[in-house]
Number of protein chains: 4
Amino acid sequence: MSRPGLILKLRCPDQPGIVAKIANYVAGHRGNLVEFNQFSDKLGAKFFARLEIETGDLDVEADDFIDGFGTLGRSMHADWHFRRLPYRMRTAVLVTKTDHCLNEILWRTQLGELPVEITSIIGNRPNCRPHAEHAGIPFFEIDMDADKDAGFAEIRRLIEEQNVELIVLARFMQILPDTFCRDFAGRIINIHHSFLPAFIGANPYQQAYQRGVKLIGATCHYVTADLDAGPIIEQEVERVHHFHTPTDLVRLGRNCERTAIARGIRYHVHDRTILDGHRAIVFPD
Amino acid sequence: MSRPGLILKLRCPDQPGIVAKIANYVAGHRGNLVEFNQFSDKLGAKFFARLEIETGDLDVEADDFIDGFGTLGRSMHADWHFRRLPYRMRTAVLVTKTDHCLNEILWRTQLGELPVEITSIIGNRPNCRPHAEHAGIPFFEIDMDADKDAGFAEIRRLIEEQNVELIVLARFMQILPDTFCRDFAGRIINIHHSFLPAFIGANPYQQAYQRGVKLIGATCHYVTADLDAGPIIEQEVERVHHFHTPTDLVRLGRNCERTAIARGIRYHVHDRTILDGHRAIVFPD
Amino acid sequence: MSRPGLILKLRCPDQPGIVAKIANYVAGHRGNLVEFNQFSDKLGAKFFARLEIETGDLDVEADDFIDGFGTLGRSMHADWHFRRLPYRMRTAVLVTKTDHCLNEILWRTQLGELPVEITSIIGNRPNCRPHAEHAGIPFFEIDMDADKDAGFAEIRRLIEEQNVELIVLARFMQILPDTFCRDFAGRIINIHHSFLPAFIGANPYQQAYQRGVKLIGATCHYVTADLDAGPIIEQEVERVHHFHTPTDLVRLGRNCERTAIARGIRYHVHDRTILDGHRAIVFPD
Amino acid sequence: MSRPGLILKLRCPDQPGIVAKIANYVAGHRGNLVEFNQFSDKLGAKFFARLEIETGDLDVEADDFIDGFGTLGRSMHADWHFRRLPYRMRTAVLVTKTDHCLNEILWRTQLGELPVEITSIIGNRPNCRPHAEHAGIPFFEIDMDADKDAGFAEIRRLIEEQNVELIVLARFMQILPDTFCRDFAGRIINIHHSFLPAFIGANPYQQAYQRGVKLIGATCHYVTADLDAGPIIEQEVERVHHFHTPTDLVRLGRNCERTAIARGIRYHVHDRTILDGHRAIVFPD
């Protein structure tokens, strides 16, 4: 949406009349609902919604519209979040050696598919520096081998200094400290190169080869302190055959990884994801 | 939904505050919105919605709730339709020789996946009679070879006599007369054994073989007087290779046909489809 | 292949000139190679092949052709197997309550897609008896609750008595004893209702729901004493969303299960699978 | 394959003993068959094969091995072609404005996935020049607006001067002259942004939107004088919904286009395709 607008994400206990209340608030201020997705989770007695609102005809300032929602939101015991449009999310991309996910992100960003502003590319290896330089994005090489704690402290410093809102692990081959995961909860997206929860941990393509699976996959998920167990945003698979070596699986898997991470980031930066414990609600576009 | 309820389908010009108005009407009578899908078609300036409403707590009779909606519906220049739940749609299945689509429909109906009541199976060949008998459904063999007009008149008579609401062409190898298509517009679903609009007309698998496509497909669509050009509800594809003969394509295509027709019927009988000219809005479940 | 013929499956250490040796043997006796699939596994230094041979013009009897191959086969340190065509494999289907996989197998068998002769349907619950009776196949209800060992002894007796060559576990909800797995190694096919190795064990759809995966799947595999860890023949997946309940996953998963088991059986009975430790070589058609 | 070797592609009338003859020739000179794909087309009475041969142990020079095959090849009335490995195919990429297919090709080439040497990028618009420059590949802007014949003459001159073996139309928005198609028959690969044969011609995504299809696709094919009707190498599809505008279809379609063109080129440069009239035999890896 290029016109001025708002995205509202909301999560609350399920209760009668929620949709009417929310829609009334929007219509009462002459907001124009462009898109309204909701999900009444009958099993969990929870309600989730995402609204995209054109605000050109609002009868109040957008700030007042946002403030005013608080009364309703609190009465519904909701968590909610407004985002002003147009918007580009400040994003740091963390990499190690392989560049295919980074490339995909850069390409889609340049094309305008991903509304992000990449503030920095941070690598614990120098391999991706040329990509960063070509794209005109600062590259920071951080040594994680000598002192891992110092490395993560440096990453944290960079991220905070640059007001980074989203951290993308684009095949970043380091396990994040628990505190890091907690402090940036819901703001770190990882791509795991397997169809989770199969093949957690190292060398999933080698594991997949040995297990003789007929489909390989990739999983884009939020990072939590529990390794490879965070809420899944997107998964993608590709068919493989007995004649594919582990090297072939790596090659074919790159397709899955690129697709899954691109969609996962897209859903996140468009506020199309809402966390629900171990699960992620996703309203795809 | 097994509890008493209503499904409301609605189509109207796009206008401010629609969602609020509809949701207010429902909430105002203590209806419980279980599911609310809508689509604001900005290109066509149209609005489409489907609501699933639990009515156990309604403050009026369901009939009055339905009647009362008229004032709002007319004010929005809407077309709308209410369905009372639970519901089983009276359905006639038309067949010729092959039985795979019929089998799929029977099996899913018995399993409770498709809320239909099959009133009759009508064939212009006797091949599917045993399936009908095993399922305890009346089978009518109609001769279309001697006098096609008389055949369709007989089909029409059966359908009207049995208050059939949905006519499924489950590989029925006869072209319907224009008047038949018009009189039952939006109530006839066909499965075409190609990925439409590719391979319109006869022998699509032979055509697909000759063209050397790498994916074959099937298309479930509403029938209009314009052959194979009605609004598409669902499509399914399967990968094929050079070594597949036309006979293999027929075999593999059956999988696509069964999946596409089962989903297409499901979406229709759950009122998850709304027609929009040559297109079908589908809110899948 | 409806004309008289042979299928040869072969597995041996990789070595120079294998293809020439095998092809020479066939051509030397005027066998007509209809299909010749092979796989040189460079990682494992093994060779696998499947040949489909029309034998109408053989210069010797088929028995002599088969016998004569022994000299070559032994010289290559091969394991090999000949199958005479046309062929229908004697197959027992084991079930519990759900019938969708059984239905799929019966339907495809009747259609001629699966060259099997179903000798018996064996259930530890009576639910599938009507299907068996309708198909004219003997149904044996075996009580597994009172005495599991006695139950499996009875199954074994039936299978041996009927010269069963293939045992299909079509959602048979009992864990097979190790000795049973070993005695029928390579001749038992199971469908597991998850995308293995994810969600091993009970209630995979419930597990999938809780994990919040975006794709569910089914796995057709050979049964070994190691639960859900036998060589995989085929896998199938379907996309799911946050609004799908565990009940929905069961419904959607049935599609995957039916497709995967039908293909898995097809590949096995056409001798398109060759075991290689924990993996299965599959030459699909 | 990085070790010295040969790829042999062959097409001939089907006849007894072909596999034995070919395999004997290879084994007779101590060639090591790494991969041997063949296809006996019973409908067309034709035989197709692709062999990958390690030549480290050949008892003759590779040239003599190739020459010597002629006697056998001619006796079988075959067309055949040898390729020496390792090999990088000299390739010209033709573009107009959009860069996603070009980007994909460049990225996969740099990664070593595509064994091509891109001799030049030729555009009838300047948009892709920066990509060429970043990749260190000569960019030639050819004006096609003023004089289309002169433009194609210039392209032909470049291609011949640079000994180009493969011409890739990576969203090149110009119709090639018939003579050009004929002169480079089997050496021009195009990506069409629809699931052919649906939506031939201009604006396929707009056509797809209006038709209301539920899957969109892309087709990689050899170019012939018959527009969009050349032999298909690869097709890819993606699911779409009613809420996707034509602009969304363009965005989603790019994924299909990139995947299909990358696979199509890969199959061609690895000699995994054999033309058979309007169809392409493809032995995928």
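## A walk through the chain pairs, domains and strands

Start by selecting chains B and D: their contact takes 24 residues from chain B and 24 residues from chain D, where two residues are in contact if their C-beta atoms, placed from the backbone, lie within 7 Å. Before going on, note that this is a predicted model, in which local features need pLDDT of at least 70 and side-chain atom pairs count only at pLDDT 80 or more, while totals for chains, interfaces and linings use all residues. Residues are numbered from 1 along each chain as its sequence is written, and chains are lettered from A and ligands numbered from 1 in the order in which they are written.

**Stop 1: chains B and D**

Colour α7 (204-211), β11 (232-239) and β13 (279-282) of chain B, the elements that give two or more residues to the side touching chain D. Helices (H or I, at least four residues) and strands (E, at least two) are DSSP runs, numbered from the N terminus. That side of chain B divides into 14 nonpolar, six polar and four charged residues. Here Ala, Val, Leu, Ile, Met, Phe, Trp, Tyr, Cys and Pro count as nonpolar, Asp, Glu, Lys and Arg as charged, and the others, Gly among them, as polar.

Now superpose chain B on chain D: a rotation of 180° with 0.0 Å of shift along its axis does it, with RMSD 0.0 Å. The two copies are thus related as by a two-fold rotation axis. Which residue of chain B comes closest to the rotation axis? Select B:A198, whose C-alpha is at 2.3 Å. The copies meet through the same surface, because 100% of the interface residues of chain B are also interface residues in chain D.

**Stop 2: a helix in chain B**

Stay in chain B and pick helix α2 (residues 62-75). Its 14 residues should span 20 Å at 1.5 Å a residue, and the end C-alpha atoms are 21 Å apart, which agrees; the expected span is 1.5 Å times one less than the number of residues. After α2(B), click on B:H77, whose phi is positive, near 55°.

**Stop 3: the domains of chain A**

Move to chain A and colour domain 1 (5-85) and domain 2 (89-282), with bounds that come from an automatic or database domain assignment. Their centres, taken over C-alpha atoms, are separated by 31 Å. Eight residues of domain 1 of chain A are in contact with five residues of domain 2 of chain A. On the domain 1 side, β1 (5-13) and β3 (46-54) of chain A each supply at least two residues. The residues of that side divide into three nonpolar, no polar and five charged.

**Stop 4: strands of chain C**

Finish with strand β3 (residues 46-54) of chain C, which is largely enclosed by the rest of the structure, because seven of its nine residues are buried. Buried means that 20 or more other C-beta atoms, placed from the backbone, lie within 10 Å of the residue's own; exposed means 12 or fewer, and partly exposed is in between.

Strand β1 (residues 5-13) of chain C pairs with β3(C) in the antiparallel sense over nine bridges; strands pair if DSSP finds at least two bridges between them. Look for C:C12, whose bridge partner in β3(C) is C:F47. Strand β2 (residues 32-41) of chain C also pairs with β3(C), antiparallel over nine bridges, and C:E35 stands opposite C:E52.

Terms used. Copies are superposed by least squares on the C-alpha atoms of residues with pLDDT of at least 70 in both.
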